[in-house]
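Colleague: Could you take me through the disulfide in this model, with the cut-offs you used? I would like to know what sort of link it is and where it sits.

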Amino acid sequence: MRRSIVAAGCASLALLTTTACSGSGGAAAEAATCDGTIDGPVTLTSFYHGGGAEKETFLAQVEAFNASQDQVTVEVQSVPEGTYGDSVRAAAASGDLPHILDFDGPNLYNYAWNGDLIPLDSCVSPELKADLLPSITAQGTYDGKLYGVGSFDSGVLLYAYRSALEEVGARIPTGIDDAWTAEEFTDILGRLQDAGYDSPLDAHMWYGRQGEWFSYAFSPIVQSAGGDLIDRTDFSSADGTLNSPEAVEAMSVFQEWFENGYVDTEAQDDSPFLNKTSPISWNGMWAYANGYHEAAGDDLVALPLPDFGTGSKTGMGSWQFGITRETEDPDAAWAFLEFLLQEENQLMTYETVGAPPSRISVLEKAEIYAEDGPLALVTESLRESPRIAVPRPQTPAYPAITQAFAQAVDDISNGGDVQAALDEAVRRIDQDITDNGGYPAFE
Amino acid sequence: MPPATAAPGTPVAAGPPGRSAPATAPAKNRRARRGRELRAGLLFSLPAVVLLLLFMVAPFVSALVLSFTDQRLVSPRPVSFVGLENYVRVLTDAQFWGALTNNVVFALIVVPLQTGAALGLAVLVNRRLPGRVLFRTIYFLPTVTVMAVAATVWKLLLLPDGGMVNGVLDTLTFGQLQPGWLSSTSWAMPAIVITSIWQGVGFQMIIFLAGLQAIPASLYEAATMDGANAWQQFRNVTLPGLRNTLIFVLNVTVIFAFRLFDQVYIMPQFPGGPLDSTRTMMLQLLQTGYGRGLIGQASAIAVIFFLFVLAVTLVQRRFSREERAVQ
């Protein structure tokens, strides 16, 4: 809170209007660029989210990188995922940002706007840039500059037990274009419930604490209905977009699933789907390798999310890496990021996490995402971005948008009035944009 | 120190403290000594005063100043003075009033329940029963547990499927009562109340225990001689003897109750949920300041929160002073 005290000091000296007391000031500083050489041995710090296999793989790669050369040493500091965004903002406010930052994709625009990140354009080689998935560069770009790269992408989909669907005579979609319609999906959930599955859908509401899940997984509902989290023509308002009649209707269908008890809201882990008590699961592509395939075997089918009117949509984007303004020698930091993007490291991450590699040349070698692989529909969605895999809104207002929408999803799933919940989300988003003067670019 | 022969608690004979200066001492000496005492007093209180200024007064002044600005957690935009805008926004926000109401409801339920339970436990473990040290330890253990851990454990106990609480309820009510504790708007607050009382009651119990042991045994002997039964002894000896302890416990419990945060952050699926039924002022403060980055607006909440707790405490102090006057 050092900066707040400074700010308070400034304020009490009635210097409020002078720029001496302005915010992070990072935007004013000249951003460092890559010049192709690493200047002497340097130790870099990096934040890392989460845990489990993903983190172990990352740490192994950090170790391998540190051992591979003697110019750069990377030290990793773990930050819990649930409050990761808050931790980063607090670190930025107190000038304690690490040199290398990992972040859930869409927060990038706010960090870049704040001047916390430096553009990577001078670091990335044209060959590498051309090899990155279009969804990855779309997600990493703000104001025409690339600020983040991810070593893998992601997607949301439905998993189901084929046998359970056959049991109730449900049609099994063969691709994204013949996804279940919302009514069809609701009907199938009802039939499954009648067949004895008390809560047939596992929507992973317990992920709700993990910051992004509600926005990442359920905004495709709004987008599929023809709405969106914000009007993307100028990113200045969500009014009429997030609370449009189509969005309200789609979210009412979503609410109906909860009211009818179709959704297992009490689960605290993956067990409802693994035990087949909920034969349909709304989950990310990571679940395939993390137990689903093992539990269901050949009975497992991967399906697109339901179509609410304008075609099936899905979420995309994952954790990315950027270089912060604390870095004096971006070449050193980039050397590390480039290392993470190397084919063998991407494949290692793919094998342990099951995520689609972000380089097209590597993605082709990932079996489950291959053309006839079990998750081919994820690859297709990502390649068809933004028509199918929709990036979360590329605006510095994103932290406010995701918080408002997540609150709305929670309220709606608990029986709150749909129109009121979305109107309130719109009010909060628009308020945030107004408060920030429409987020003008600071150069 | 009372003389060793006096019964514990017997008032020491009134009189000037033994080391008071002789009245004949010259005024100059007295002044010099006063000066030395003053210096020593200042010196001894200095660390505490510095810490208080640094960690209590300065942040509060800082919050007060910030509450009139649009200070953000991080933003390249210059900070500007916005007058009462933050206060207007906070006070017209239904969510804020909901949070305040939850805080008040929580305090109204928890303070009497927890204080009563603590008193009951203290009386219980104050008896000369075998194994009473063990019981004291058991009742006090939750207090030593970090609230976050307690909340996590209770979250598991309260799970509708496979949670122990519903398992017991299932047996007791033949499956009639199976609340979805943390996912239902009507059960979430009771769940938080149960957890909070379980965790906090041991602390109050220990304070009551200390209070109980300060009541002279001779009073009970006299009461027994007068033929008072157990209830009459409790009513006429124990309760009056505990009056100051009781006031202290009530004060502390009220302040703790308004600080409610860990439980409502950890236990519901979504902090403060479902449908804001467990949202509290502290949660509102944190989410406004850190989640939404609105430091100015969060400061306004902090100031309002401070004034509110101050008002409650002043009312309580007034009440407790009257109680002391009775004594």
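Modeller: Happy to. With 85° about the S-S bond, the link between C34(A) and C123(A) is right-handed. The two sulfur atoms are 1.9 Å apart, and a disulfide here is a pair of cysteine sulfur atoms within 2.5 Å. By that rule, the count over all chains is one disulfide. C34(A) lies in the loop between α1 (2–12) and β1 (42–48) of chain A, while C123(A) lies in the loop between β4 (117–118) and α5 (126–131) of chain A, so the pair ties together parts that are 89 residues apart in sequence. Helices (H or I, at least four residues) and strands (E, at least two) are DSSP runs, numbered from the N terminus. Both C34(A) and C123(A) are buried, meaning under 20% relative accessible area with a 1.4 Å probe, protein chains only.

A word on the model itself: it is predicted, so local features need pLDDT of at least 70 and side-chain atom pairs count only at pLDDT 80 or more, whereas totals for chains, interfaces and linings use all residues. Residues are numbered from 1 along each chain as its sequence is written, chains are lettered from A and ligands numbered from 1 in the order in which they are written, and side-chain values use heavy atoms, leaving out hydrogens and water.

Buried residues make up 59% of its 443 residues. Among contacts (heavy atoms within 4.5 Å) with a separation of 6 or more in chain A, 77% come from residues 24 or more positions apart.

Notes: Buried < 20%, exposed > 50% of the residue type's maximum accessible area, 1.4 Å probe, protein only.
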